[in-house]
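Here is a short note for your first look at this protein. Keep the structure open beside the text and check each point as you read.

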Amino acid sequence: MSAKDILTQTPLGLYCPGGDFHLDPMRPVPRALVTHGHSDHARSGHDAVMATAQTLDIMALRYGEDFTLSRQMAPLGEWTRVGDVRVRFHPAGHVLGSAQIEIEQNGFNVVVSGDYKRALDPTCLPFEPVRCRAFITEATFGLPVFRHPDAADEIAKLLASRALFPERTHILGAYALGKAQRLMALLRRAGYERPIYVHGALEKLTAYYGRQGVVLGEVVKVVAAERPKLGGEIVICPPSAIKDLWARKFPDPVTAAASGWMRVRARARLKGVELPLIVSDHADWEALCTTVVETGCEELWVTHGEADALVHWAGGQGIAARPLHLIGYGEDQEDEVLEAA
Ligand SMILES: [Zn+2]
Ligand SMILES: [Zn+2]
């Protein structure tokens, strides 16, 4: 047996014939298994969705209660039979509720990891390596040049800038699901005690994290008329909002953004970011390689991102690796959706 006996590649993404379901499908399907709530993986309109309780909640928050006809909650670490296969969800350490999906048929197991990271994130369960015959990975930062620094050091840069410019508002662009809340938690860990101000687009998800027991301290929604009074404060907003008219009403704003892509200076400049913070919710090169080794896999499929270097590296480790070049997954799509939010 091999991975292709369990999973096939379709224009909608990966499909499991034995269980008759798609994984993170791009368009509505009869049955979807969803790794996490980011909009490029979790879409509305499927007849049935199986995901962790938190991912189901997040989908309902983003798309409305009618995002699917039928929800099935996947308890972490427990097998569920789906058609001729068994599936089991494991933490992926990416955002709240994110999971890897293990599929087993006739004693052969495949793990579809979705998006994941290995770095510390106080807002979600840490990634759990799962021994498997075949491992399906992303490679968003799959080049040796990508080495994410310690997120705490990046938060220290933000606090240093605030100390340097105590009259200016620091406006920090971050994805509404996961990144924004992780930054809040990291700011608290760094001893920051002021209220953290948020753009309205972040309010619902941040409140949900709070209800799930993630400690974020005092979080206050920005009231438009109050913007001129928020000098010296930290305001978190969707990445697209840092260059909006909305952002210009704060006192002499310093525009910051937190993303793995902030490593690429040209990208930071293009987005009008003065203070780029390299904080990523994806594995960097070393974490990708470490993870592949820890799974003990003999086959590796690379879904999206910088597949070629990882495939080449895996070949050198005696792992049969291939790139899938699945289209439609990627961080930038988050931007588009948030712009509308
Ligand atoms: Zn994601
Ligand atoms: Zn993704």
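How many helices and how many strands does the protein chain have? It has 9 helices and 19 strands. Keep in mind that this is a predicted model.

1. **Overall size.** Start with the whole chain. For 341 residues, a compact globule would have a radius of gyration near 20 Å. The protein chain has 20 Å, so the two agree. Its C-alpha atoms fill a box of roughly 65 × 45 × 30 Å along the principal axes.

2. Of the 341 residues, 57% are buried. Residues 24 or more positions apart account for 61% of them.

3. **Surface and charge.** The protein chain exposes about 13,900 Å². Carbon and sulfur atoms supply 52% of that area. There are 36 positive and 42 negative side chains. The centres of the two sets lie 3 Å apart.

4. **The largest nonpolar core.** In soluble globular proteins, nonpolar side chains tend to be buried together. Here the largest nonpolar core has 34 residues. Which of them touch the most other members? They are Leu172, Leu183 and Ile236. Several elements give two or more residues to this core, including helix H2 (151–164), helix H4 (203–211) and strand E16 (254–258). Helix H3 (179–189) is also one of them. H3 gives the most, with 6 residues.

5. **A second core.** A separate core has 27 residues. Among them are Ala99, Val112, Ile136 and Tyr329.

6. **Leu172 in detail.** Set aside its neighbours within four places in sequence. Leu172 is then in contact with Leu158, Leu183, Val235, Ile236, Cys237, Ile242, Ala256, Ala257, Ala258 and Leu277.

7. **Helix H3.** Is this helix mostly covered or mostly open? H3 is mostly covered, with 10 of its 11 residues buried. The buried residues include Leu183, Met184, Leu186 and Leu187. Charged residues are buried here too, among them Lys179, Arg182 and Arg188. Just after H3, Gly191 takes a positive phi of about 90°.

8. **Pro276.** This residue sits in strand E17. Pro276 has a relative accessible area of 25%, so it counts as partly exposed. The buried class stops at under 20%. Leaving out residues up to four places away in sequence, Pro276 touches Glu154, Ala257, Met262 and Ala268. Gly231 lies 45 residues from Pro276 along the chain, and their C-alpha atoms are separated by 20 Å.

9. **Two positive phi values to check.** Asp24 has phi near 45°, a positive value in a residue other than glycine. Asp24 lies in the loop between strand E3 (21–23) and strand E4 (31–33). His325 has phi near 50°, again positive in a residue other than glycine. His325 is found in the loop between strand E19 (320–323) and helix H9 (332–340).

10. **Buried or exposed?** Why does Asp24 count as buried? Its relative accessibility is 5%, and buried means under 20%. His325 is exposed, because its relative accessible area is 51% and the cut-off for exposed is over 50%.

Technical notes. Residues are numbered from 1 along each chain as its sequence is written. Chains are lettered from A and ligands numbered from 1 in the order in which they are written. This is a predicted model: local features need pLDDT of at least 70, side-chain atom pairs count only at pLDDT 80 or more; totals for chains, interfaces and linings use all residues. Side-chain values use heavy atoms; hydrogens and water are left out. A nonpolar core is a set of buried Ala, Val, Leu, Ile, Met, Phe, Trp, Tyr and Cys residues joined through side-chain atoms within 4.5 Å. Buried means under 20% relative accessible area, exposed over 50%, partly exposed in between (1.4 Å probe, protein chains only). Helices (H or I, at least four residues) and strands (E, at least two) are DSSP runs, numbered from the N terminus. Contact means heavy atoms within 4.5 Å. The radius of gyration is taken over C-alpha atoms; the globule rule is 2.2 Å times the number of residues to the power 0.38. Accessible areas come from the Shrake-Rupley method with a 1.4 Å probe; for residues, only the protein chains shown count as cover. The place of a charge is taken as NZ of Lys, CZ of Arg, CG of Asp or CD of Glu.
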